[in-house]
Amino acid sequence: MLDLYREMRILRRIDDEATALQRQGELGLWPPVRGQEAAQLASARALTPGDFVFTSYREHGLALHRGVRGADLVKVWRGVAGTGWNPHEIRLATQQVIIGAHTLHAVGWALGETIERGEQHPDAAVAYLGDGAMSEGDVAEAMVFAASFRLPVIFFCQNNQWAISEPVTLQAPGELADRGLGFGIPSVRVDGNDALAVYAVTREALERAHTGGGPTLIEAVTYRMGPHTTADDPTRYRTAEEVAAWAERDPIDRLAALLRSEGVLDDEAEREVAAAADAAAAELRAGCVALADPEPLAVFDHVYAEPNRTIERERAEYQRYLAGFADANGFVEVDR
Amino acid sequence: MTRLTFGGALRSALHRALAEDDRVVLLGEDIGVNGGVFRVTDGLQAEFGPRRVIDTPLAEAGILGTAVGLAMHGFRPVVEIQFDGFVYPAFDQIVSQLAKMHYRTGGAVTLPITMRIPVGGGIGAAEHHSESPEAYFAHTAGIRTVVASTPQDGAVMLRQAIACDDPVVFFEPKRRYHVKAEVDERVDLRTALPLDRARVVAEGTDVTVVTYGAMTGVCLDAAAAAGDEGVSIEVIDLRSLSPVDWESVEASVRRTGRLVVVHEAARHGGFGAEIAATLTERCFPFLEAAPVRVTGHDIPYPVAKLEKHHLPDLDRVLDGVDRVLGRVAASPVSAEPAPATESLAVRTPEPVR
């Protein structure tokens, strides 16, 4: 449990560092995760390494838990790469910006798993989505497929109360978890700021998925304590009172209180955790600022998996165009 | 050689792909027991089982999104969209997911997905069953877009599409499903005409007609009719709309100096515009006349009893040939009525009495 606490503290620290890097012009954008550390990391800890995770774009906790470090956490947000990691290597899909689209990818992966390995002992596909995504058609279709094919999928919904400026009440008049029942999917609502509760329900859903029991919807009720992204001003749409009330339920403070009462966390352990968090933030910063811009012709890389004459022609044309500019010595290449 | 319909040739290709590679799975609506509404998957579920030939819920985004996940797991999904007009709910998954995944993952994730889509009109169908949406897909980087028009090409191109590591939109012209021909089902894909190559289907010297899909048949008939009148038409079946085999088409246009582009889809922003523009850029000094487009009108697809007035037919293709030969004066632009200038003039309000 101390490991979980340490990881939550590291996540918050690098989250703050990334926001600072954005403010300093080193990142183009950052979607802060503050407030959702328990929902992400306690559920991540329940998974086995074989389970394939499909996330939206705020799930820095999942990336951290799957071993993504330093600059790789922010390459996308600096605008130097489309992904910070190889999805196959750590069984974590690249972040998804189209809300809810990846839930179908999770369903497809799970279908492949049952085709290949049968229903009895498959690995699970775990889709992390938000309260806003629950309104998307893709998510409804994903739940239909998952239920009809009885697939090993967990729909892990972090209900953080806000989809940019839209409150969760605009997505559903009642509880989001109720929606899963209509699809025939066992559904559970959990306090997403209670790390142990999140861990417990995720384990249960995973047990169901791993033993042929089909999908589960988990609604983890939590709160996005920060802005939607660094480009957002949440004071336009929510009150300071609301933010303050949720600050009282900070998942890190709650786990710290529990660990202290259990005698697991003391001042020395706290200092060790803080030092680890600072080290992770320093690694992130150093890696981030050292990231060079890609070479211009990299715009043509990987559009297709196979050779493509359109791309080859345009690459050659653009290369010729670039060659027309003066080099470092002031000479222009005239041989075109 | 076996005598097969276009649909039968496609079925043969799917059968071969399923038999040769365990990773090939078929997904779609009514493709299992029912064998697909055009029977292209007839009997395949019975032979290969419901894990390889999968009837899906009625959710096109779901089908495509599921295919993405299957491909990430290592499968080579072949999805059937039941009709051209039903592909739009899946558009986001195709454009934002399939087309971009390899690029945004730096090549780490390949999605070898084939999307079979019956295309086009001329079969007297109900609404949303006769669309020509190819330009949307050809415009999208990261996917390949091809159209087969003969049983032999159907048999080979579908296998090539399935073997391709890129996502491929594979259009099947509905009017051609029952066209029969001798088909060699065992063509070696390594020596076959590559998927991204055009095919000269009729040689000629006076006019190059570039087309694809069901219009290939119409243009061949037009070429035969024109030949009777002493006009020699070269017909090129483009086959691949992305990428385009410009070299083959360019060589033809340089020889004939005259280009007519024919497709069913609407003209405005249609694929013919790309063909005309690129060949004008490449062949300008060789052109004897401005390229002519013979296309569907810029209208929603009309009701069945009017589709003959929408779809280019033999006479409309020959009219285009006449125009590019300067035999009729009117180009589409100059044929337009002069703008009603009075409507642009400032009108003096009637005095209020």
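Two strands are taken as paired if DSSP finds at least two bridges between them. Helices (H or I, at least four residues) and strands (E, at least two) are DSSP runs, numbered from the N terminus. The structure is a predicted model, in which local features need pLDDT of at least 70, side-chain atom pairs count only at pLDDT 80 or more, and totals for chains, interfaces and linings use all residues. Residues are numbered from 1 along each chain as its sequence is written, chains are lettered from A and ligands numbered from 1 in the order in which they are written, and side-chain values use heavy atoms, with hydrogens and water left out.

In chain A, an open sheet is formed by 5 strands in the order β1-β2-β3-β7-β6, with parallel pairing. The edges are held by β1 (52–54) and β6 (187–191) of chain A, each with a single partner strand, so one side of each has no neighbour in the sheet. From one strand to the next the twist averages 20 degrees (axes are lines fitted to C-alpha atoms, for helices over the stretch in contact, and angles run from 0 to 180 degrees between N-to-C directions). Within the chain A sheet, β2 (residues 125–130) and β3 (residues 153–159) pair in the parallel sense over 6 bridges; A:L129 has A:C157 of β3(A) as its bridge partner.

Chain B contains an open sheet of 5 strands with mixed pairing, in the order β9-β11-β10-β13-β14. Strands β10 (residues 207–211) and β13 (residues 259–266) of chain B run parallel and are joined by 3 bridges, with B:V209 opposite B:V260 in β13(B).

Helix α8 (residues 246–256) of chain B packs against helix α9 (residues 271–283) of chain B at an angle of about 65 degrees, with the axes 10 Å apart. The contact (heavy atoms within 4.5 Å) involves residues including B:W246 and B:V253 of α8(B) and B:I275, B:L279 and B:C283 of α9(B).

The structure holds 0 disulfides over all chains, a disulfide being a pair of cysteine sulfur atoms within 2.5 Å. The sulfur of B:C283 lies 18 Å from the closest cysteine sulfur, in B:C219, which is too far for a bond. B:C283 is buried, with a relative accessible area of 0% (buried means under 20% relative accessible area, exposed over 50%, partly exposed in between, with a 1.4 Å probe and protein chains only). A:C288 is likewise buried, with a relative accessible area of 0%.
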